[in-house]
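Please read these points with the model open beside you. They cover the fold in outline, then selected side-chain contacts, then one surface patch.

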Amino acid sequence: MRRRGVDFRRPVRRRLSNVVWWTICGVTLLVFIVILSKEGQIESRPTISRRPYRHDRIMESLNITDEMLSPNSVTRQLSDQISLAKAFVVIAKESNNLQIAWELSAQIRNSQALLSNAATRRTTLTVGESETAVRDMALLLYQAKQLHYDSATMIMRLKAKIQALEEQMSSVSEKSSKYGQIAAEEVPKSLYCLGVQLTTEWFGSPNLQRKLRERKQLEAKLKDNSMYHFCVFSDNILASSVVVNSTALNSKNPDKVVFHLVTDEINYAAMKAWFAMNSFRGVTVEVQKFEDFKWLNASYVPVLKQLQDSETQSYYFSGHNDDGQTPIKFRNPKYLSMLNHLRFYIPEVFPALKKVVFLDDDIVVQNDLSGLFSIDLNGNVNGAVETCTETFHRYHKYLNYSHPLIRAHFDPDACGWAFGMNVFDLVEWRKRNVTGIYHYWQERNVDRTLWKLGTLPPGLLTFYGLTEALDPSWHVLGLGYTNVDSQLIEKGATLHFNGNSKPWLKIGIEKYKPLWEKYVDYSHLLLQQCNFH
């Protein structure tokens with residue numbers, strides 16, 4: 001009986017262990033499920049948090065650079081087809097095959113419309129929606145190739161087309177330059193009229209000549225070095241008047257300002273008449289003509305000697321000795337005018353003066369310029385504003401550095417500067433014989449191999465190592481050919497209308513004309529008679 005009891009109790013213990021086992025397994029399974037569910041939630045959080053930025057993922061997928069660089073990009077394939085088709089259109093038109101040109105053009109528009117729509121809706125093109133366009137374009141391109149528009153032929157024809165367009169552009173540019181130069185050199189009818197009227201007034205009105213004689217009582221001022229002396233060399237009456245008037249109106253002490261105007265024989269009487277009948281706030285004005293300077297002759301002045309040379313005359317006045325290869329701007333006779341070269345003879349023109357401010361006749365003065373006379377030039381002769389903020393305004397721009405004489409004496413990267421508003425120390429000028437330096441270089445440029453254009457290149461040579469840089473606000477350039485920063489214009493003491501678009505010409509830059517015109521009295525009777533407006 002006891003053995004049975006023992007046998008009977010053993011099965012009971014086995015059943016209890018099975019229940020525990022299953023319980024443990026169930027709990028473990030539940031824990032595992034809970035852990036998995038939590039991990040799923042954790043992994044899903046980034047997806048939920050990125051939903052607001054779905055637009056960013058779309059924009060990233062529309063990165064044009066990546067799209068075009070992808071070898072599987074439909075957009076790239078369509079763009080390449082369009083580029084090739086455009087080239088075939090040009091060649092087809094040249095071959096008078098208008099049908100294929102028309103079909104290619106129509107398909108180009110279709111493909112461009114697909115690209116435009118995809119960009120508008122901010123999605124990439126799919127193969128399905130572009131398949132028809134790609135296939136149709138491929139067929140047309142194949143037909144074009146069958147018409148012997150192979151790659152080699154196309155390249156040759158395109159090169160020929162490019163060359164023809166370059167030649168056409170060069171021709172148009174040359175004509176534009178020529179006509180612009182002609183327009184810049186013309187004397188407007190109103191200016192011609194004013195000169196005639198003033199000359200008539202001068203010889204017909206003894207009162208004007210008496211006024212001028214009365215003003216000569218102020219002749220002591222002309223040699224007084226305590227005054228502010230300015231010089232202008234010009235044959236333009238109205239332009240010279242604007243320089244004088246703008247200086248007078250902006251001067252703190254106009255009674256201390258002396259203007260020395262030098263003109264030519266033709267405009268001498270008219271210039272004297274204008275400055276005799278008009279006053280400029282007490283500014284003293286002297287008018288001379290360069291023909292009265294006895295020292296100014298061919299034996300002393302290289303330019304006058306060169307003018308006697310038949311080859312030089314042909315170069316500047318006929319233009320037929322090199323088949324028109326030299327640009328017209330290099331042939332402008334004004335570059336041989338003594339009024340243009342007289343700036344290199346200022347000590348001879350004004351032997352009693354020690355310091356002079358030289359002004360071009362296309363200058364407008366906006367501020368008092370008396371401060372220029374107190375600037376220390378540190379032993380230099382010329383005070384000028386440098387123009388080398390751009391690389392093309394350095395010496396190598398103006399001079400021929402293939403010539404050994406230029407190469408041996410001048411740094412090609414030396415900073416250029418501007419004529420138009422210059423302070424000249426005439427004491428140092430005479431001491432260093434600057435005019436002799438000018439003669440040296442001018443005589444060596446008879447064949448025009450050192451430089452070709454204007455008075456600035458010989459000026460750069462003459463004043464090399466003798467120029468003191470001034471603050472740029474003293475002289476603002478470019479109003480006659482380009483856009484100038486409005487802040488520079490506002491702060492500029494002088495504004496220079498250098499370039500062809502002078503403010504008194506029809507081709508002047510309209511937005512800058514008022515800066516010059518406000519110093520012209522259009523109510524003046526003579527200006528009204530000559531239709532100045």
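Predicted model: local features only at pLDDT ≥ 70, side-chain atom pairs only at ≥ 80, totals over all residues.

The numbered points below go from the whole chain to single residues.

1. Side-chain atom pairs count only at pLDDT 80 or more, whereas totals for the chain use all residues.

2. Overall make-up. The chain holds 23 helices and 9 strands. It has 533 residues, and 44% of them count as buried.

3. Contact range. Take the contacts between residues at least 6 apart in sequence. Of these, 74% join residues at least 24 apart. The pairs below give individual cases of links across the sequence.

4. The whole structure has 7 salt bridges. One of them joins Lys-289 to Glu-265, with the closest N and O atoms 2.8 Å apart. Lys-289 sits in strand 3 (residues 284–289) and Glu-265 in helix 11 (residues 265–277). The two residues are 24 apart, so the bridge links distant parts of the chain. Lys-289 also meets Asp-292 in a salt bridge, at 3.9 Å from N to O.

5. Is Lys-289 buried or exposed? Lys-289 has 13% relative accessibility, so it counts as buried; the cut-off is under 20%. Its two partners are classed otherwise. Glu-265 is partly exposed at 44%, and Asp-292 is partly exposed at 41%.

6. A salt bridge between loops. Asp-362 and Lys-502 meet in a salt bridge with an N to O distance of 2.5 Å. Asp-362 lies in the loop between strand 4 (355–359) and strand 5 (363–365). Lys-502 lies in the loop between strand 9 (494–496) and helix 22 (513–517). The pair therefore ties together parts that are 140 residues apart in sequence. Both Asp-362 and Lys-502 are buried.

7. Aromatic pairs, the stacked case. The count comes to 25 aromatic pairs. Why is the pair of Phe-230 and Phe-259 classed as stacked? The ring centres of Phe-230 and Phe-259 are 5.2 Å apart and their planes are at 20 degrees; planes under 30 degrees apart count as stacked. Phe-230 belongs to strand 1 (residues 228–233) and Phe-259 to strand 2 (residues 257–263), so the pair ties together parts 29 residues apart in sequence. Phe-230 and Phe-259 are both buried.

8. Aromatic pairs, the edge-to-face case. Phe-410 and Tyr-464 pair edge-to-face, 4.9 Å centre to centre with 80 degrees between the planes. Phe-410 is in the loop between helix 17 (404–409) and strand 7 (421–425). Tyr-464 is in the loop between helix 20 (456–462) and strand 8 (467–469). This pair ties together parts that are 54 residues apart in sequence. Phe-410 is buried at 6% relative accessibility, whereas Tyr-464 is partly exposed at 32%.

9. Charge over a ring. Where does the charged end of Arg-343 sit? It sits over the ring of Phe-419, 4.8 Å from the ring centre.

10. Surface patch. Val-187, Tyr-192 and Val-196 form a nonpolar patch on the surface. Together they have about 330 Å² of accessible area. Val-196 lies in helix 8 (residues 189–204) and counts as partly exposed, at 41% relative accessibility.

Conventions. Residues numbered from 1 in each chain as written. Heavy atoms only, no water. Patch = residues over 30% accessible without salt bridge, like charges linked within 9 Å, V, L, I, M, F, W, Y side chains within 5 Å. Areas by Shrake-Rupley, 256 points an atom, 1.4 Å probe, with all protein chains shown as cover. Salt bridge = Lys/Arg side-chain N within 4 Å of Asp/Glu carboxyl O. Helix = DSSP H or I, 4+ residues; strand = E, 2+ residues; numbered from the N terminus. Buried < 20%, exposed > 50% of the residue type's maximum accessible area, 1.4 Å probe, protein only. Phe/Tyr/Trp six-rings, centres within 6.5 Å; stacked < 30°, edge-to-face > 60°. Lys NZ or Arg CZ within 6 Å of the ring centre and 35° of its normal. Contact = heavy atoms within 4.5 Å.
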